[in-house]
Every structure is written in structure tokens, then in C-alpha cells.
Amino acid sequence: MSTFDNPFDPHRRLQGCSCGRHVNQAEHERDAARQLHCAPTASEGVSEDKRYQGVVASAVMRAVFPKDAARRAFLKKVGASTALAAISQFFPLKTATEVFAQGGAIEKKDLKVGFIPITCATPIIMAHPMGFYTKHGLNVEVVKTAGWAVIRDKTINKEYDAAHMLSPMPLAITLGAGSNPIPYAMPAVENINGQAITLSVKHKAKNDPKQWKGFKFAVPFDYSMHNYLLRYYVAEAGLDPDTDIQIRSVPPPEMVANLRADNIDGYLGPDPFNQRAVYDGVGFIHILSKQLWDGHPCCAFAASKEFVTTQPNTYAALLKAIIDATAYAHKPENRKEIAAAIAPANYLNQPETVLEQILTGTYADGLGNVKRDPNRIDFDPFPWHSCAIWILTQMKRWGQIKGDVDYKAVAEQVYLATDTAKFMKEIGLPPPPMTSKTFSVMGKPFDPAKPEDYIKSFKIKRTT
């Protein structure tokens, strides 16, 4: 097969049509007809410019020929490319496409976004005092909220327009795990890494998880990376997380108090409460979550699909503001400034020195050591589909979801990687060229193409 004839050869010569972009005139006609019949979506691998041109051309054709039969007859008679040229003569197709691509006015400028006071929410929080929402034309009130169930319910009830959520929550809400099924979207990850297992100071001699039988642990929520990573960690040590230890949900701001009161032996929780336990002298950091899975997602920006689809320009501005803030937070040289911005009572209500230790990665571990890890917490907005699939495997592993799961479809429906990639490009962040990747958790490779095999490989699990 010659280079010209091979449709899969990226170097083939596309000179066989009137526009020079297709193998032959027939392919040119089919492409033009497709634009006039229906607009392709971004997920179909076409450029944004071509997609907008298709939307505009399709709308004009439907206005000229409201009846499908008449429109098809006209296209069949004159050909799609001739029809497109004719439309361009009396309608400014190029100008209309450019205007359409720029988007319309923001539908709602005054928004409420809920957050839990933890460092995982840094981009959502800092975007308020540091002006990122204003920069993108929004007046956002960030509302401190007590716990994850409250965040979920207030967002579902439309008291909040969008919210800081744990990255598994939009998947769980969409599937109806723990609540009624409502389509939700997660277009941006807030933070990667940034968690730890903190133990009571009375357990300084029990740094081996095999010694933890009978321990009481806290996690922020059932549908959380904290829950899944803690379960994974103790199961790898041979303990059944449902029978050998106790795991309860405790709002993050209450974790240190519960540790101090001896109600729990430890927690896998978010910062600042790992570092705060060290600061208060009641706990020590056993292990950072990045030591279990370096680069794992934790928290996210999420909203209902209804908000995304009915207020697209508001959604776009909000997402862009958060990605912009995330890009700023990613740079180590900005971390001390950010610590000062999010420390006040209306945000995290924490000593600045605690937040600096977390955000800069130079910290005391509670065992007399000062450690340095600049990636203790990091900020990367891209919502990897493969990470969503891993989360779904753990939800199934521990019996939170049952039956057949179309892992890939659910991941693509909820984790809106295409939107994230678009706005990352606009603010100068290079998005990854794909939406899925392999990685390892505690040294065990994960292949997102084989989720059921991964679940079956575990000795300790609830699913059969």
C-alpha cells in the first residue's frame, strides 16, 4: 500500500480533493455533509475550530431548511461542499464561527462554592483572596462547610453552585452510591498527594501496620481516597479493614480533637490536620500518602451536570479561574504567599507556620525529625480517567458498588478531561496527550484496561 493510499499513515498526502485536506473528493463531500447535518463533538477527535464551524453551518442549514427531507434533498442535489459555499455567500459563516467560539456572556456572576477547611482545597480557597475569581469575571463566595455529606447535600439541593469534593464523590453520586443517582461532573483535580497516616503519640513504638489489630481509625468520608488508601495499606499488611480494625467517618476539623481525647488511635486524613497533630504534640506522622501512591488525586472541583450544561459560560469561567489558581499553587515559589492567604479564620483558621510546613514540604514529623519533601502536596488539575477507574475498582472491591460496571464509560462521563485540557492550554499549561495512564500503588501495577483482573488479584476484598 502506498503512502497516499494508507489512511493510517500520518504522512500521507492529502491532495485529492478541492480543499487539499482529504484523500479524495468523496471524502471531502462526506466531511462537508457531516458538518451540515450535525456538529461533531470534541470527543470525536476534531479540532475546536472545525467543531464550531460544524455547529454554525448545521444551525444555518436547519434554519433555511427546517424539514429534514427538504434539507437532505437539497444536499443530495447540489453536494455538501457546494451547499457550504452557497451558505457562505449570503451568511458570514467565518465571522459567526469566531463569535460562537468566543462564547457568550456569563449567565450568573454571583456564585456560592462550598469547601471543607483543608489544604486540599487550596486552589478553590486562594482564588478568593488572591483575585482569581474576579479576574475571570465572577463574584464567588467561598463557604466553609462542616463535612462532606453536608457539601454533597447542599450542592445537590442547589444551595451551592459548585463545591470542593473528594475525587470519588462525583463518581459515587453519579452511580447512586450513598445517595440518589444524579449526574455529576468533575472537571478539575484540586490537589495530588497531601495526605498522611497520623497516629497517637502513645503508639510511637507501633510503626508497623501489622501491630494495629484492634485500632480505631478515622477517615473523612466513606467515598474518599483516604478510606481506599487506608484499606489498601492495612490489607497489604494482612489485616482485614472491616474486621481487624475499625474505620469511622470523622469530619477533618474534628480529627485532632478525637485523637487528643483518645477516641481514635489514628487517621488517614488531609492536612493541615496531620501537621496540626504534630504541632499540638498529640500525634506523629507515620507515613505520607505519596509514599503509598505518588501522584494520587485527592480532592476536586465538582458540580452537577445540570450546572455544567445550563450555565456553560459561568461554568467555563469558574473552571478557568480554578485551573488558573491551581497553576499558581503548583509553583513552589508561591507557597509561602498562599499559606498566608488561606490561614485566616474565614478560610483554614490555622497557624501560618503549620501551613508553610505542609505547602513547602519542610516539616517536623512528630518523632524528632525534620523532613524535606517538596512534593508532600502538589497541585495538578488534570482529571485522569485511569485514576477514576482505579477509584471505581476500590468502590467495587469493598462492596460500595455491585454488579457490572462500565468503568471507562463512567470515568469519561464524570471526569471531564477534555474541558480541563482546553482551559489548561488557554492559561499556558500543557495538558497530557492522553487521558489514561498506568501507575503503581504500593508497588502493584495498575492497568486501567483490566479493572476486573485488578480486583480479582486481591486476597482481601468484600466483592465475590
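Guide: A pocket is an open set of points on a 1 Å grid over the protein atoms alone, with protein on both sides within 12 Å along at least five of seven lines, for a 1.4 Å probe. Grid points are joined across faces, edges and corners, and a volume is the space filled by probe spheres set on the points. This is a predicted model: local features need pLDDT of at least 70, side-chain atom pairs count only at pLDDT 80 or more, and totals for chains, interfaces and linings use all residues. Residues are numbered from 1 along each chain as its sequence is written, and side-chain values use heavy atoms, with hydrogens and water left out.

Visitor: What volume does the second largest pocket have?

Guide: About 210 Å³.

Visitor: Which residues of its lining lie nearest the centre of the second largest pocket?

Guide: Lining residues have an atom within 4 Å of a point. Here there are 13, and Lys158, Asp161, Ser304, Glu306 and Phe307 lie nearest the centre. Two elements, α8 (148-156) and α13 (305-310), each give two or more residues to this lining. α13 gives the most, with three. Helices (H or I, at least four residues) and strands (E, at least two) are DSSP runs, numbered from the N terminus.

Visitor: Where is Lys158 found in the chain?

Guide: Lys158 is in the loop between α8 and β3 (162-166). Check its backbone too. Most residues other than glycine have a negative phi, and most peptide bonds are trans. Lys158 is not a glycine, yet its phi is positive, about 70°.

Visitor: Which residues does a cis peptide bond join?

Guide: Asp271 and Pro272, with omega about 20°. Pro272 sits in the loop between β9 (266-270) and α12 (273-279).

Visitor: Now helix pairs. At what angle do α17 and α18 pack?

Guide: Two packed helices are described by the angle between their axes and the distance between the axes. Axes are lines fitted to C-alpha atoms, for helices over the stretch in contact, and angles run from 0 to 180 degrees between N-to-C directions. α17 (residues 385-397) and α18 (residues 407-414) pack at about 120°, with axes 9 Å apart. They are therefore oblique to each other. Angles under 35 degrees count as roughly parallel, over 145 as roughly antiparallel, 65 to 115 as roughly perpendicular and the rest as oblique.

Visitor: Which residues of α17 and α18 make the contact?

Guide: Contact means heavy atoms within 4.5 Å. From α17 come His385, Ala388, Ile389, Leu392, Thr393 and Lys396; from α18 come Tyr407, Lys408, Val410, Ala411 and Glu412. They divide into six nonpolar, two polar and three charged.

Visitor: How do the axes of α10 and α17 cross?

Guide: The axes of α10 (residues 225-236) and α17 come within 11 Å and cross at roughly 65°. The two helices are therefore roughly perpendicular. Their contact involves Met225, Tyr228, Leu229, Tyr232 and Ala235 of α10, with Trp390, Ile391, Gln394, Met395 and Arg397 of α17. Eight of these residues are nonpolar, one is polar and one is charged.

Notes: Nonpolar A, V, L, I, M, F, W, Y, C, P; charged D, E, K, R; others polar.
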